[in-house]
Amino acid sequence: MGKNNHHGETDRVSEMPAVEARHVMKSFGAGASAVRALDDVSLTIRRGEFFTLLGPSGCGKTTLLRCIAGFEMPTGGMILLNGRDITVEPPNRRPVNTVFQSYALFPHLSVADNIGFGLEMLGKPRAEVAAVVERMLALVQLESFADRRPAQLSGGQQQRVALARALAPAPEVLLLDEPLSALDLKLRKEMQVELKRLQNETGITFVFVTHDQEEALTMSDRIGVMSAGRLLQVGPPREIYNRPVNRFVANFIGETNFLTARAEGSGFVLATGERVEASDQVRGGMTPGASVTLAVRPEQVRLVTAGEAGALAAKVADTIYFGTDTHCQLRLADGTEVVARLQSPPSGDVGLAPGAPVGIRFADGAVQVLGD
C-alpha cells in the first residue's frame, strides 16, 4: 500500500504546474493616470515545457515575466511556483533565473568565471563549481573559450555564456526576456535551434518572452498570445496559427486575408454576392444571417482559371518575389484585397501580369470564422 501511495504522490507532483498565475493584476501609477499592464491574467505553465509569451510591445508580457521573477509585485492575484505561493517572495528566494536582452556579463572575468559566479555566491565548494562550469561549457559548446573575456566573443557566444550562467544553478524555471533581439537574423535563427536543444537536454521549464512570431512558432511547446494586458489565447503553435480565436491573434501570427461576409445556408455570402462554402467544423457554429469576419491564410489560397464554376472572380494587382515564394496580390470585384502565397517556379516568374483575371479557391478547411 505504501508503494502505491508513493507512486500516487509522484504522479501528483509531476502533474503540478511549474508556474501558475491566478487572476494577476498589475497597475503602474495611481488614479486616473494609472496604467493597467496586466488585466486579470490566469495561466498555467507545465513542468518541462518551452512556453512562450508572445505579443506586441506594451502588451504586458515582460511585466508578467517580471512578476514571476519577483522584480515586480502584482497589484492583485497570485503567482505560484510548483504549487507554492511566491507572490510576495523576493527574487533571491525564488528558484528561477532570468536571461535578459543585455547579456550583463562581467567584462573583467573569464567565460568560466562568469558561468561559475552565481554558484560561488551561493557558497558552493570549489570542486563542485568547477565541475558544473565544465558541464555548462560543454552544454553550450564553448569548452575551448573558457579562458577568454566577453570582449573576445561574438554576440552569439556571449549569449551562450549568459545562458550557461543562468542554467548553472539548475533553476526550476528559466525566464528569458527577448534574449535574441540583439542578434542579427542568421545568428538569431541559429540560436533558436540552440535554445530548443538546451531546453530539451536540461528538461528545465523555459518561459520565453518575444514579439517575434517566428521565434514563438519554431521553438515553443505552447504559446500564450497577449494584447493590452490580457491573455487572448493559449495553445500549441499549430493551433494558434490554424485556429486563432479572434482577429488580433490571426493578424499577429502570420499573414491573414480577412473577408467580411454574411452566414447563409451552408456557407457565407461575400460583399460581392459570391458564396464561400463552410467546412463541417465551422458550419456547426453558424448563426443564419450573422455578419462575420472570415480569415484565410495566403498559403491556403488557390488560383484557378478565370470563370471556373464556384471560384471567386479576381484580378491580379501585383506580384512580389520573395525567393522561394511569390506573393500574388489580388482584388475581388468590390476591391477587397486577397494575397495568395505561391511557390516560385525555377524561372522566378509565376506568369501573372497586373490586371489579369483569375479565379480564387480556398483549400478545404482553410476558412476560419473569427470572433471580435
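The structure is a predicted model, so a few ground rules apply: local features need pLDDT of at least 70, side-chain atom pairs count only at pLDDT 80 or more, and totals for chains, interfaces and linings use all residues. Residues are numbered from 1 along each chain as its sequence is written, and side-chain values use heavy atoms, with hydrogens and water left out.

Helices (H or I, at least four residues) and strands (E, at least two) are DSSP runs, numbered from the N terminus. Two strands pair if DSSP finds at least two bridges between them. On that basis, 6 strands line up as 6-7-8-3-9-10 in an open sheet with mixed pairing. Strand 6 (96-99) and strand 10 sit at the edges, each pairing on one side only. On average, neighbouring strands here are turned by 20° against each other, direction ignored; axes are lines fitted to C-alpha atoms, for helices over the stretch in contact, and angles run from 0 to 180 degrees between N-to-C directions. Strand 9 (residues 222-227) and strand 10 run antiparallel and are joined by 5 bridges, with Gly224 opposite Val234 in strand 10.

Helix 5 touches strand 6, strand 7 and strand 8, and its direction makes about 170° with that of strand 6. Helix 6 touches strand 3, strand 7 and strand 8, at about 160° to the direction of strand 8.

With 18 residues (185-202), helix 6 reaches 26 Å from its first C-alpha to its last, close to the 26 Å expected at 1.5 Å a residue; the expected span is 1.5 Å times one less than the number of residues. Buried means under 20% relative accessible area, exposed over 50%, and partly exposed in between (1.4 Å probe, protein chains only). The buried residues of helix 6 are Arg188, Met191, Gln192, Glu194, Leu195, Lys196, Leu198 and Gln199. An α-helix has 3.6 residues a turn, so residues three or four places apart point the same way. Among the elements covering these buried residues are helix 4 (126-139), strand 8 (205-210) and helix 7 (213-219). At the start of helix 6, a side-chain oxygen of Asp184 comes to within 3.3 Å of the backbone nitrogen of Lys186. Just past the other end, Gly203 takes a positive phi of about 75°.

The other sheet is open too, with 5 strands in the order 13-12-11-14-20 and antiparallel pairing. Strand 13 (275-277) and strand 20 (368-370) are at its edges with a single partner strand each, so one side of each has no neighbour in the sheet. The twist from one strand to the next averages 45°. Strand 12 (residues 267-270) pairs with strand 13 in the antiparallel sense over 3 bridges, and Phe268 stands opposite Val276 in strand 13.

Gln368 belongs to strand 20. With a relative accessible area of 11%, Gln368 is buried. A polar atom of its side chain lies 3.3 Å from the backbone oxygen of Gly365. Leaving aside neighbours within four places in sequence, Gln368 is in contact with Asn242, Arg243, Thr293, Leu294 and Ala295.

Now for the charged side chains. A salt bridge is a side-chain nitrogen of Lys or Arg within 4 Å of a carboxyl oxygen of Asp or Glu, and the whole structure has 20 of them. Asp39 is buried at 15% relative accessibility, and its side chain meets that of Arg36 at 3.4 Å, N to O. Asp39 also forms a salt bridge with Arg230, at 3.3 Å. Arg230 lies in strand 10 (residues 230-235) and Asp39 in strand 2 (residues 35-45), so this pair ties together parts that are 191 residues apart in sequence. Elsewhere, Arg262, Glu264, Arg275 and Glu277 are linked in a network of salt bridges.

Finally, Ser27 is found in strand 1 (residues 19-28). Ser27 counts as partly exposed, at 24% relative accessibility. Leaving aside neighbours within four places in sequence, Ser27 is in contact with Val35, Arg36, Ala37 and Thr75. Ser27 and Ala37 are 10 residues apart in sequence, and their C-alpha atoms are 5.6 Å apart in space.

Notes:
Contact = heavy atoms within 4.5 Å. Polar contact = N/O pair within 3.5 Å; in protein donor to acceptor, adjacent residues only side chain to side chain.
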